[in-house]
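Here's a quick tour for anyone meeting this protein for the first time. Have a look at the model, then read on.

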Amino acid sequence: SDFGSDLVIGVIDTGIWPERQSFNDRNLGPINSKWKGQCVTTNDFGSNSCNKKLIGARYFCSGYEASNGKMNETSEFRSPRDSDGHGTHTASIAAGRYVFPASTLGYAKGVAAGMAPKARLAAYKVCWDAGCYDSDILAAFDSAVADGVDVISLSVGGAVVPYYLDAIAIGAYGAAEKGIFVSASAGNGGPGGLTVTNVAPWVATIGAGTIDRDFPADVKLGNGKVVTGAGVYNGRGLSPGRMYPLVHAGSGGGDGYSSSLCLEGSLDPDFVKGKIVLCDRGINSRAAKGEVVKKAGGVGMILANGVFDGEGLVVDCHVLPATAVGASNADEIRQYIDSASKSKSSATATILFKGTRLGVRPAPVVASFSARGPNPETPEILKPDVIAPGLNILAAWPDKVGPAGIPSDNRRTEFNILSGTSMACPHVSGLAALLKAAHPDWSPAAIKSALMTTAYTVDNRGETMVDESNGNTSTVLDFGSGHVHPTKAMNPGLVYDITPMDYVNFLCNSNYTINNIQVITRRNADCSGAKRAGHVGNLNYPSFSAVFQQYGKHTMSTHFIRQVTNVGDPNSVYKVTVRPPSGTLVTVEPKQLVFRRVGQKLNFLVRVEATAVKLAPGSTNMKSGSIVWSDGKHNVTSPIVVTMQQPL
């Protein structure tokens with residue numbers, strides 16, 4: 001982590017709160033002379049807002065104001081200053097300095113540090129009260145490229161559209177072509193399939209995992225049962241030892257649907273006053289539900305996951321004592337409330353906050369909300385690429401925003417605990433800066449390859465990582481190549497490199513017209529090399545994905561051509577180990593690669609044969625395996641996915 005002081009990470013987000021200790025510049029050397037960026041100063045973002053740590057800050061609102069009219073400057077800053085918190089949080093995850101003591105309301109105590117504490121930061125504010133607009137995102141990308149950043153971190157995403165209609169994909173292509181590594185969040189639409197976003201192959205798409213720390217807050221019911229949950233709260237809490245009346249928000253008359261969700265104005269104060277209220281997740285934000293309960297006179301809240309949220313627990317700094325419970329525990333609480341009302345007794349409960357727990361097993365676990373594959377735009381490119389820590393992450397927070405992130409929260413805190421693939425993405429941005437500092441000659445594709453081929457898929461119990469939403473074993477569609485492993489990525493042995501020309505051939509083979517392709521490349525491109533590249537799956541990607549349509553054929557086959565570059569030792573021999581997806585035959589030729597020198601490139605061919613399986617029309621079947629090249633010192637691992645589709 002001493003690496004990277006010459007590197008600049010550009011964070012495209014909601015801006016930054018520059019006064020935070022995470023952005024202090026103590027003991028940092030002079031700024032690299034290649035830096036061309038600037039600090040745009042305004043009345044609320046003075047010339048002293050930047051320093052040798054935060055070396056650039058700009059804001060982009062033309063697209064926002066063209067759509068929404070002039071911004072309301074009483075509720076947000078026309079400057080790089082962050083009025084939301086999201087951008088301050090993500091920037092400090094990527095490159096926050098060491099700060100001690102750090103905690104949120106006394107939880108998660110310790111030393112706060114970003115992944116690359118010595119790297120420089122540049123903030124590009126593109127997100128405003130009414131969202132982030134494509135033209136502003138694109139302007140920020142181009143500005144970051146011109147300023148001379150080395151890495152771009154983008155915790156923003158939208159719907160998946162063809163790449164030539166996707167401002168993030170277009171902006172990121174321009175950056176990648178100039179040698180800038182771009183990482184982007186995979187999205188929070190999990191745990192359902194086909195939810196992953198930011199899927200362009202020139203972007204590192206990052207899903208979210210848990211860490212081995214949580215914040216238990218259990219619900220003790222009047223029948224003596226204790227139901228596990230998670231929450232943080234340090235204000236005037238519930239009196240110890242006292243049980244409070246417990247109600248389900250939806251059973252208090254009125255519109256049962258909106259009150260069960262604790263929507264604004266839906267709760268009857270006579271019904272909830274002095275009680276702990278069970279609210280269902282959905283529609284409004286989790287923190288807003290707490291505010292609704294508090295306003296109506298409730299003393300506590302239990303936030304219940306729906307079936308689709310599964311068992312994934314996200315903590316928030318609620319404005320009243322509150323805990324989050326998984327779907328099955330929520331059912332148990334509802335059953336208790338129902339049985340109490342049937343027996344004409346009143347349900348009671350309290351919430352027991354247990355503080356910070358470390359050494360949690362299993363970990364990491366794929367976060368329930370983390371968006372999943374397959375890739376809706378290009379099924380032959382496996383997405384997400386990797387996962388990184390994204391659940392209940394402590395990082396810097398602005399001064400003007402309470403930790404619940406809602407206007408009525410007057411508490412102030414230097415750090416806050418947030419969850420999302422937005423938090424996972426900057427972990428990888430910071431790691432990319434460290435890798436680029438260690439290997440200045442590596443391309444963005446080489447850095448991504450190093451992170452992917454060294455990722456792990458086993459948790460701290462030695463089992464394959466599980467899925468938080470249901471406790472089942474996760475698959476490559478959930479975690480891609482696996483969870484990033486920073487120290488191993490420093491020395492991957494071999495990398496799969498990709499040139500801009502390879503991406504053009506990929507776009508040609510994706511059946512994009514030359515006009516569409518030039519929207520992405522923003523200069524002349526031609527498809528003369530595409531035939532030789534073969535097919536989309538031949539992009540030199542560090543993972544393999546074969547998709548077969550079963551048109552009554554019994555066996556189907558395809559092949560992949562790959563080229564690996566030796567970045568390990570001279571005179572090394574790599575032998576291949578294939579773990580084929582079940583029901584498929586996978587052969588690799590040659591079976592060993594003999595490298596004489598560092599920087600040497602060698603090719604290999606992978607053949608995949610699959611046998612048809614019985615499938616209902618319109619359904620798919622996915623099996624995965626792996627291909628590992630090893631020289632006894634480095635293991636270069638790639639997942640291989642075979643998908644069978646039964647046409648309608």
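## Where domain 1 meets domain 3

Across the interface of domain 1 and domain 3, the rule finds zero salt bridges (a side-chain nitrogen of Lys or Arg within 4 Å of a carboxyl oxygen of Asp or Glu). Polar contacts do turn up there: seven residue pairs, both partners at pLDDT 80 or more (N or O atoms within 3.5 Å, one able to donate a hydrogen and the other to accept it; residues adjacent in sequence count only if both atoms are side-chain atoms).

On the domain 1 side, α10 (444–453) and α11 (476–479) each supply at least two of the residues touching domain 3, and α10 gives the most, with seven. Helices here are DSSP runs of H or I, at least four residues, and strands are runs of E, at least two, numbered from the N terminus.

## How much gets covered

About 1,500 Å² is buried between domain 1 and domain 3, with carbon and sulfur atoms giving 68%; that's the accessible area (1.4 Å probe) lost on putting the two parts together, summed over both. Leu 382, Thr 453 and Val 476 supply 33% of what domain 1 buries against domain 3, more than any other three residues.

## The domains themselves

The assignment, automatic or from a database, gives domain 1 (2–211 + 363–478), domain 2 (217–353) and domain 3 (493–498 + 540–646). The C-alpha centres of domain 1 and domain 3 lie 31 Å apart.

## About the model

This is a predicted model: local features need pLDDT of at least 70, side-chain atom pairs count only at pLDDT 80 or more, and totals for chains, interfaces and linings use all residues. Residues are numbered from 1 along each chain as its sequence is written, and side-chain values use heavy atoms, leaving out hydrogens and water.
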